[in-house]
Amino acid sequence: MSDDKQGQPAPDVDRPGERARAFNAAMATLGIAIVVFIVGVVVGFPLATFGVEFVTANGGLVFGLLFGFLVLVLVITAVLMIFRRQIWESLFKRSEVEMERFARPLSEVARFAAQQKVAEATDSARDLAELVLARYAWVSTRRWLMATITAFIAAIAALAGSALLFQQNQLLRTQIGLMQDQNGRIEEQNRFIQSQIELGEAQRSTSIVPEILEIGAQVAQEVAGFNTFAGDQPAIALLSPGLRARIIAATTAARPYRYLRNPLTDLDENLLMSSGLLRRTDLAASATVRQQLDAASGAVQFAGEQSGVMSDRPLSPERGQIIGLLISNGLTDFSTLNGADFSFAEVRSASSGSAIRFHFAALRFANFDRQLLVGAEFDGAYLEHARFRNANINYTRFTAGELPSISGGAGLKQGAQLSGADFSGAILKHASFDGSRGFGINFDGGVVHNTTFAGTSMAGSTFRNTIFGVVDFSGADLKSVDFDGAIVFDAGFLDTVAQQAAPESFVRDRFEIAPLATEEFARHPRWSDAWLDGLEAKQSYRITRVGAFE
């Protein structure tokens with residue numbers, strides 16, 4: 001080697017073996033990638049198209065496809081192994097590729113090259129190239145097949161774990177659904193048990209009905225004695241002390257409860273009257289009546305036996321019966337029946353022209369639905385959450401009463417307590433709520449005429465869709481009172497209310513008023529009951545709330 005080449009680095013030696021190994025590794029990686037891609041398509045396409053539920057529900061089909069592909073690979077491998085000689089013969093013109101076969105064409109290439117026989121050397125080189133390519137093709141194919149089978153088996157094992165996890169999640173979802181159904185059935189069973197307990201309580205409470213009947217007979221006997229010796233109206237205070245104590249004890253013993261009631265009993269007179277049109281299925285009006293009945297009574301049917309439903313809250317028909325038997329005997333002043341508890345009383349026989357006096361009476365949660373009250377006095381009464389729905393109330397007072405003073409002087413004034421009382425759909429005429437107190441009183445959908453609310457504290461109450469005639473709100477606390485949808489016959493109604501109400505309790509800008517067409521007024525449920533001394537013939541206006549409550 002010359003001196004000028006001693007300092008230079010040795011040139012890189014081409015190593016065909018290393019290149020072959022690198023190429024083989026690349027082909028194996030490509031094979032694994034192809035297998036993973038095929039598995040991804042086989043698994044991912046159903047997942048993306050049909051969802052996890054489809055794969056879990058059709059796991060056998062998915063694994064069948066995967067195992068089918070594995071069997072196909074194994075079959076191809078077996079075919080290549082069995083017919084490799086024929087394949088090499090057709091591709092490379094060689095059927096044997098043993099290592100000793102490489103020596104002959106290599107030596108011939110060297111020998112012919114030394115003898116300068118170009119044609120013979122070229123043929124020998126071609127034979128050598130065919131052998132090398134055949135050997136390389138076989139080795140690469142074998143490695144690719146082994147890598148493919150290994151990767152495919154690993155992919156199937158991984159997918160099996162995922163499939164089992166999907167199946168486990170599906171079973172968990174099914175179990176959760178079954179547990180929810182079970183919880184629903186348990187809740188339903190609890191409701192049945194609760195209903196059974198309430199019906200048992202009802203049976204216990206109704207056991208005092210004979211006592212009530214006996215009280216009624218004794219009351220009638222004593223009242224007959226009053227009428228014999230005195231011409232004045234009999235009073236409860238004239239009853240014997242023993243009988244009064246017996247009445248008070250009966251009101252205490254009669255506990256409130258929920259009971260089964262027929263929904264037809266809750267229909268008002270208008271619906272009862274119009275329901276006669278249901279037999280005329282050829283009339284358009286019958287469909288309207290059907291809709292009203294469905295909305296009012298929960299789709300009750302007039303044909304066939306009616307199934308009862310539980311009352312929406314506890315009531316005491318027995319306490320209502322005591323009120324009824326006293327009224328039927330002319331005893332209408334309940335103010336002297338100190339200690340009696342008429343809370344939750346379901347009053348069914350208060351319809352009377354006689355003035356009923358419930359001064360300071362305990363009537364919380366009492367039910368006066370659809371009753372006719374004329375000249376009744378509820379001064380200072382405890383009427384929290386009492387119901388007067390669709391009642392006809394005339395010349396009745398819910399005003400402040402004067403408590404008796406121990407010292408004999410002027411007593412303390414106490415207004416009727418009306419928090420949560422429900423007058424929805426009621427007709428109020430010549431009624432007075434002066435000085436009463438309550439939050440959230442409901443007057444929706446009714447008729448209010450010649451009624452005063454002077455000095456009434458009624459914050460949060462509602463008059464939605466109410467028909468107003470003449471009404472007085474002088475000094476009333478109208479904080480957050482809602483008049484949305486109310487119908488009036490005075491264009492300046494809101495201005496008048498703003499002047500009459502307690503200072504800073506009514507926000508005039510929260511509402512707007514606009515003329516109302518006659519046919520719109522006629523669609524009101526209480527239109528036929530709106531006899532307002534001629535006001536109903538004038539132009540009507542509807543109030544609309546445009547501002548939010550604070």
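In this predicted model, Arg508 and Asp495 pair up through their side chains in a salt bridge, with an N to O distance of 3.0 Å. Arg508 sits in the loop between helix 12 (493–500) and strand 13 (511–516), while Asp495 belongs to helix 12, so the contact ties together parts that are 13 residues apart in sequence. Neither end is hidden away: Arg508 comes out as partly exposed, at 26% relative accessibility, and Asp495 is likewise partly exposed, at 39%.

Another is the one between Asp312 and Arg387, where the closest N and O atoms are 2.9 Å apart. Here both partners come from loops: Asp312 from the one between strand 2 (309–310) and helix 11 (317–328), Arg387 from the one between strand 3 (372–374) and strand 4 (392–394), so this bridge ties together parts that are 75 residues apart in sequence. Asp312 is exposed, because its relative accessible area of 54% is over the 50% mark. Arg387, on the other hand, is buried, because its 12% falls under the 20% limit.

Arg319 and Asp341 make a further salt bridge, with 3.8 Å from N to O. It again connects distant parts of the chain, with Arg319 in helix 11 and Asp341 in the loop between helix 11 and strand 3, 22 residues apart. The 3.8 Å contact still counts because the cut-off for a salt bridge is 4 Å. As for cover, Arg319 is buried, with a relative accessible area of 3%, whereas Asp341 is partly exposed at 26%.

Back with Arg508 and Asp495, Arg508 lies in a loop and Asp495 in helix 12.

Technical notes. Residues are numbered from 1 along each chain as its sequence is written. This is a predicted model: local features need pLDDT of at least 70, side-chain atom pairs count only at pLDDT 80 or more; totals for chains, interfaces and linings use all residues. Side-chain values use heavy atoms; hydrogens and water are left out. Helices (H or I, at least four residues) and strands (E, at least two) are DSSP runs, numbered from the N terminus. Buried means under 20% relative accessible area, exposed over 50%, partly exposed in between (1.4 Å probe, protein chains only).
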